[in-house]
Structures are given as structure tokens and as C-alpha cells.
Amino acid sequence: MIEFSVLGSGSKGNSAFLRINGYSFLFDCGLSCKQIELRLDRIGVNPSSIDAVFLSHEHDDHIRSIHTFSKRYKVPVITSEKTFKAGRLDEKGIKDTVFVESGKIFSQFKGVDIFFMPISHDAADPVGFVVYSGGIKFGLVTDLGYATELVSHELKDCNALVVEANHDPELLKLSNYPWELKQRIASRKGHLSNGDCAKLVERVVSDKTSYIVLAHLSEENNNPDIALMSVFRAIKGMPVSVDVAKQAEPTPIYSLDTVGSL
Ligand SMILES: [Zn+2]
Ligand SMILES: [Zn+2]
């Protein structure tokens, strides 16, 4: 059985919880430590039970409280060396650090394989994650300018998928953002639009997929209803639960049985 919840998602901070094969993980630590504690408590998880934190890239909205959380709960941090350096993380300020090259599978937790999937984003060595255990495949990918062939291939048939639906291109065009920022967001190293998210979903969704959670929505340049509509069209009536992760509060805990799900 796996359980997961997106604790918070958006440009002000990101973190997701996953329990799989008896292990508990956080993916990114971009909310304040206090908020992570509160939100874990809300979903009934004790922060001391976290076995590791995986970091996707060095932007502040993904690493903000990593030193505090790692020290306070004696949790190892697993990330690439380039991300570690680019985020100016301090080995002394962290319980333990394990470096994993992007493109490689991390398998030191028994029965769980975690693929560090390279993605296109303006960071040193950004990755999404694909987690395999007991016949279940869980994917998590945000902060990508576009979905490469590799991403579309690796996320195929995920039982549960957390995927970025960052902006609506029209709303972005009309927004008050400075031109350079608009260019950055819309670029191939920026963030995934609703339309590109829908195209990716269309390619990877299958009868094995139970949950899709849309994440990293822009509060200014998107609207949850528009994002949901694009993805509903992409799943073409398949019985998949589609939800939107919020910035200010955690999603419920979603769970999947590991037996007979493939
Ligand atoms: Zn981000
Ligand atoms: Zn980023």
C-alpha cells in the first residue's frame, strides 16, 4: 500500500509526503519547518517518522527549510551534488547527505527504487522522481519547461502522478509580471502550462492510473478550474481521480493498494 499527500505546492513553497513499503519520505522541503510540521500533523504523520528527504532542485521554494528539518528530525537528505552545491547547502547543517546522479536509480531503501529523472528547468541539475515498489509506480514532476521524450516515457502507466500545471498562457500574457519573468516562465526551462500538462497526461495516463494531482499552480496566472478542465479533456472519461494541490493547505492522503494494481 502507498499513501501520499501534497503538503503544499506553488511558487511560495513545495513539499510532498509519500509512504511506501513501510518507509516515509518527503519530496522537497520548501515550506517553513513549522508549516511542514503542522501539515504533517494534519494528515496524521509524525515528522520523526520521515526516513529521508529528496530534493528536486535548488530553488528556494523547494529547499527553504531543509537544514532545520534535517537537523531537527535527524533525517538524511538525498539529492544530486550539483543541486547541493547550487543551493549552497551546508553539510554540517544537515544530518546526512547522500548524493545521487540524475538519470540514476536510488535503491538503498529495501524494495523501493527511486529514479532521479532529469527535467528541463533553469536550475543546476533539476529532476522529477519516479518511485517503484511492490508493483506500484508513483511519479512526481514539477518545475519543467516542457516534457521531454524521457519524461513522457518514464511517467507512462503511473498509478499515481503529481504533475505541474503552472499557468494558462493567456493569463500569463495578460498578467502584470515583467516581460523577462513572463519569458522565463513560458520558456523551455521554465514551467509547464496547463496545455502542455494535458498533453503529457494524455500520453502517460492508462487504466493503471488512479490519481492525478495537479501541482505548482501559479496563483496569479492560473485558475484551478481551467487547469482541471484541460486535464479532464486529456483523460477522456477514464476513471481517474484528478485533484489540485494548494499552496496554503495539504491535500488529503491518497492511498493505493500494492496488490493487484498492475
Ligand atoms: Zn518551484
Ligand atoms: Zn524551480
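**Chatting through the open sheet**

Me: Hi! How many strands form the open sheet, and in what order?
Reply: Seven strands form it, in the order 7-8-9-10-11-12-13, with mixed pairing. Strands are DSSP runs (E, at least two residues), helices are H or I runs of at least four, and both are numbered from the N terminus. Two strands pair if DSSP finds at least two bridges between them.

Me: Which strands stand at the edges?
Reply: Strand 7 (105-106) and strand 13 (241-244); each has a single partner strand, so one side of each has no neighbour in the sheet.

Me: How does strand 7 pair with strand 8?
Reply: In the antiparallel sense, over two bridges, with strand 8 covering residues 113-118. I105 stands opposite F115 in strand 8.

Me: Is this a predicted model, or what is it?
Reply: Predicted: local features need pLDDT of at least 70, side-chain atom pairs count only at pLDDT 80 or more, and totals for chains, interfaces and linings use all residues. Residues are numbered from 1 along each chain as its sequence is written, chains are lettered from A and ligands numbered from 1 in the order written, and side-chain values use heavy atoms, without hydrogens and water.

Me: New topic: where is S5, and is it buried or exposed?
Reply: S5 sits in strand 1 (residues 2-8). S5 is buried, with a relative accessible area of 0%; buried means under 20%, exposed over 50%, partly exposed in between (1.4 Å probe, protein chains only).

Me: What does the side chain of S5 reach?
Reply: The backbone oxygen of T251, at 3.0 Å.

Me: And what follows helix 1?
Reply: G44, whose phi is positive, near 80°.

Note on methods: Polar contact = N/O pair within 3.5 Å; in protein donor to acceptor, adjacent residues only side chain to side chain.
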